[in-house]
Amino acid sequence: MHWPERSVLIVSDLHLGKAARLSAVGGAALPPYETRETLSRLSDDLDATDAARVICLGDSFDAAGLDAHLPEDDLLFIARLQAGRDWDWIEGNHDPGPVTLGGTHRAELALGPLVFRHIATAGGVGEVSGHYHPKVRINARGRGLSMPCFLVDGMRLVMPAFGAYTGGLWTDSAVLSALMGDGAQAILTGKRPCAIPMPRRIPART
């Protein structure tokens, strides 16, 4: 998400190092390329926006301490992205903050009318968060489609995961249906972002 008036780029849930973590614990043996793909995407967005500040909304790394074990090339890539920019790392539930890297480490950040944190709160106002990796599924011309999306209502915005290798939570899950207020919209990601009424679970009548 780009906030041009403040020259800020906001991203959430990079989950850098996920393939390496899964391999280390006996999970799926995946090529460790998702970190470079995610950083390349971030580099492209910074080139496009020329943002002076980056806010990472938590779970920037897939587990605590992974920032100290990335390949040197990836660490240098991050350093190049940070050069000349303010950089805020918000704490996530997977990572308490990549303390070996430059930037400012925060539990949350208030900026203008907005509050940036990893996980949405029940009473949050002007809140921008991540954590849930929202995804939407729709039928279009007889085809089932699914894609990451932003969720927005009158109180908050929940961002999709930015990482190249991340799962997601459907918008009609009980958690997201309860979190988002009436009139919530899902903004589908892609070359042409499109806002639709948020598909959600309708509570059963008693």
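Which residues are exposed on the other side of H3? I will come to that after a word on the model. This is a predicted model, in which local features need pLDDT of at least 70, side-chain atom pairs count only at pLDDT 80 or more, and totals for chains, interfaces and linings use all residues. Residues are numbered from 1 along each chain as its sequence is written, and side-chain values use heavy atoms, with hydrogens and water left out.

Helices here are DSSP runs of H or I with at least four residues, strands are runs of E with at least two, and both are numbered from the N terminus. Buried in H3 are Asp74, Phe77, Ile78, Leu81 and Gln82; buried means under 20% relative accessible area, exposed over 50%, and partly exposed in between, with a 1.4 Å probe and protein chains only. An α-helix has 3.6 residues a turn, so residues three or four places apart point the same way.

Now the opening question: on the other side of H3, the exposed residues are Glu72, Asp73 and Arg80. Alanine 79, also in H3 (residues 72-82), counts as partly exposed because its relative accessibility is 41%. Arginine 80 lies over the face of phenylalanine 77, 5.3 Å from the ring centre. The criterion there is NZ of Lys or CZ of Arg within 6 Å of the ring centre and within 35 degrees of the ring normal. The cover over the buried residues of H3 includes H2 and strand E4 (86-90), with contact meaning heavy atoms within 4.5 Å. Just after H3, glycine 84 has a positive phi of about 80°.

Next, the aromatics. The whole structure has three aromatic pairs. Rings of Phe, Tyr and Trp (its six-membered ring) pair if their centres lie within 6.5 Å; planes under 30 degrees apart are stacked, over 60 edge-to-face, and the rest tilted. Tryptophan 3 and phenylalanine 116 have ring centres 6.4 Å apart and planes at 40°, so this pair is tilted. Tryptophan 3 is in strand E1 (residues 2-3) and phenylalanine 116 in strand E7 (residues 114-116), so the pair ties together parts 113 residues apart in sequence. Tryptophan 3 and phenylalanine 116 are both buried. Tryptophan 87 and tryptophan 89 make another tilted pair, at 5.8 Å between centres and 50° between planes. Ring pairs join Phe61, Trp87 and Trp89 in a cluster.
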